[in-house]
Amino acid sequence: MMPQRVADDIEEIARPNRGDQQEKPQIHADPALRRPRLIRNTPAWVVAVIVLAAAVAAGWAVFWALGLSAVSERPGLSIAGRLPVRVAAAAVVGIIVGGLLAWAFRPAQTLRRTARIWGTTARRRTPRIPLFGSLTAAVVIGVGLAALATWIISGAVFTHAVRAGDVDVVKAALPAIAGAVIAVALVVVYRRQNDTERAQFAQRFGSASTQLGDSDTAVRIAGVYAMAAAADEGAIFARRQQCIDVLCGYLRLPYDPDSGANHLSEFVSTTTWSATPPAVNIEETRRQAVRQNDREVRDTIVRVLVQRLARTADASWSGNDFDLTGVLFEDAWFAGARFSGRHVWFDGAVFGPNASFEDVDFNAEVVSFGGASFESDATFAGATFRARSASFEGATFTGKDTSFDDARFVGEYVSFRRVGFSSEKTSFGSAVFKCLRASFVLPTEWKNVDFDWDNPPGGTQPAIPRCITPRPWPPYLVARESGTDSRPAAAEKDSDLDG
């Protein structure tokens, strides 16, 4: 075996400044991955069957055990043998066993996400059923209700015929025939009403879309409210989503804030191409249509979205998806909103003054602010992130004050990878991290960022949540292109303060 001294000399030659280099951060494994692979990869429906079977078996075992003579006939345990006590005990034990077994297969965040996905899928599924299936179901339900009514009144499913004549047989079958006819009539009327509503929605949607494309500002603003009204009355999920996609698509259109309040309707540019004689100069004229006062239209769309996302909204749009990728928000005031759909995208968005997400409930499946730019004060104070995946990867915060105070991260994965915190003050005071993993690795900027565990009271040992990465804390800054600076974020913070 090589002597330790020789090994150290060889290592010093290979890495001459290893003593001055900081230890590389170690990313802890995802807590969800600590479960055995067989448990992690079990399909959801298999988990549901196993959990229900185990819960029923445990409840039945308790119900049977409390009914044994050794329990029910003993003076001290006689009350346990009574039927209400046995049923209650069986239900409690079944719930406990089922809950523990479900937790063993899926963490609590995954269970909430699965329930939310199933509920969203059921809500989004189109209610249009084929005509043949509708009529068949109507006949079966009508005959069943007629038979039930006959049994309640006369004590028999169908009244027996006194004679074997055809008239008596018809009389006996009249309730079933009447029930089937009524059910079929209701189905036909319902489908006709549904087709009428679909035609009316198509007409209103087309009219609102035409208004949004008009050159006049007042007509476009009226189109915004017309599209919102069509979404409010479209109880079917797909129709409402279609209206929301149009409004979000308008916000994604190219927009120049410097000309957002102009009164021009057309931009004309003339270019003259010179030529040497005997050729003559060529003059080219280009005309470009301009949306007048587009800032007011965009602000109206944002206000409409915020009103429908409020918890007290009469017609809530919280369960829908929102694609706001690359949108320039001159005034993003989403305080008190609630997102509970599948996807909410703010990727690459630029937030101007007053970017407020205070007390917002991000309960969507995926919430992404990847690459977003917060150019002024931004607040997520009191916001709750229940999403399966909440991403701020590559986002930059350059305003004076950035606040995540009292924010709750209780979903599954939260990513602040390569984020740039360069505000004068960035606070995570009283923030709660109860997610599976929250990553702050390789930030591009890390200035004046304060967490509760950075300055524990009384000089106690900092209690960093186990889901936080990297470890050791604080995170390292991402290496510069030159590769010369790999100091920890805290070291740069201290040097900035000293300078």
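## Phe369 and its contacts

Start with Phe369. Setting aside residues up to four places away in sequence, Phe369 touches Phe346, Asp347, Phe351, Phe357, Phe362, Phe374, Phe380, Ser391, Phe392 and Ala395. Contact here means heavy atoms within 4.5 Å.

The model is predicted: local features need pLDDT of at least 70, side-chain atom pairs count only at pLDDT 80 or more, and totals for chains, interfaces and linings use all residues. Residues are numbered from 1 along each chain as its sequence is written, and side-chain values use heavy atoms, with hydrogens and water left out.

## The whole chain

The protein chain has 12 helices and 25 strands. Both are DSSP runs, numbered from the N terminus: helices are H or I with at least four residues, strands are E with at least two.

Of the chain's 499 residues, 37% count as buried. Buried means under 20% relative accessible area, exposed means over 50%, and partly exposed lies in between (1.4 Å probe, protein chains only). Take the contacts between residues at least 6 apart in sequence: 56% of them join residues at least 24 apart.

## The largest nonpolar core

A nonpolar core is a set of buried Ala, Val, Leu, Ile, Met, Phe, Trp, Tyr and Cys residues joined through side-chain atoms within 4.5 Å. The largest one in this model holds 74 residues. Which residues have the most contacts inside it? They are Phe334, Phe346, Phe351, Phe369, Phe380, Phe428 and Phe433.

The largest share comes from α11, with 7 residues.

## Helices α9 and α10

The axes of α9 and α10 are 8 Å apart, and the two helices pack at an angle of about 155°. Axes are lines fitted to C-alpha atoms, for helices over the stretch in contact, and angles run from 0 to 180 degrees between N-to-C directions. So α9 and α10 are roughly antiparallel to each other. The cut-offs are these: under 35 degrees is roughly parallel, over 145 roughly antiparallel, 65 to 115 roughly perpendicular, and the rest oblique.

The crossing of α9 past α10 is left-handed. That word applies if the near helix is turned anticlockwise from the far one by less than a right angle; clockwise is right-handed. From α9, the contact uses Arg220, Val224, Met227, Ala230, Ala231 and Asp232. These meet Arg240, Cys243, Val246, Leu247 and Tyr250 in α10. By class, that is 8 nonpolar, no polar and 3 charged residues. Ala, Val, Leu, Ile, Met, Phe, Trp, Tyr, Cys and Pro count as nonpolar, Asp, Glu, Lys and Arg as charged, and the others, Gly among them, as polar.

## Helices α9 and α11

α9 also packs against α11, at an angle of about 20° with axes 9 Å apart. That makes α9 roughly parallel to α11. This crossing is right-handed.

On the α9 side, the contact is made by Thr217, Arg220, Ile221, Val224, Tyr225, Ala228 and Asp232. On the α11 side, Asp294, Glu296, Val297, Thr300, Ile301, Val304 and Arg308 take part. The contact has 7 nonpolar, 2 polar and 5 charged residues.

Ala208 sits in helix α8. Is Ala208 buried or exposed? With 0% relative accessibility, it counts as buried.

Ala208 and Val224 are 16 residues apart in sequence, and their C-alpha atoms are 7.3 Å apart in space. Beyond its neighbours within four places in sequence, Ala208 is in contact with Gly223, Ala226 and Met227.

Phe322 lies in strand β3, residues 322-323. Its relative accessible area is 2%, so Phe322 is buried.

Leaving aside neighbours within four places, Phe322 contacts Ile244, Cys248, Leu305, Leu309, Trp317, Phe339, His343, Val344 and Trp345. From Phe322 to Phe339 is 17 residues in sequence and 8.9 Å in space, C-alpha to C-alpha.

## Helices α3 and α5

Now the earlier part of the chain. Helix α3 (residues 44-66) and helix α5 (residues 83-105) have axes that come within 7 Å and cross at roughly 150°. That makes α3 roughly antiparallel to α5. Their crossing is right-handed. Their contact divides into 20 nonpolar, 3 polar and 1 charged residues.

Arg86 is found in α5. At 17% relative accessibility, Arg86 counts as buried. Apart from residues up to four places away in sequence, Arg86 touches Phe63, Trp64, Leu66, Gly67, Ala80 and Gly81.
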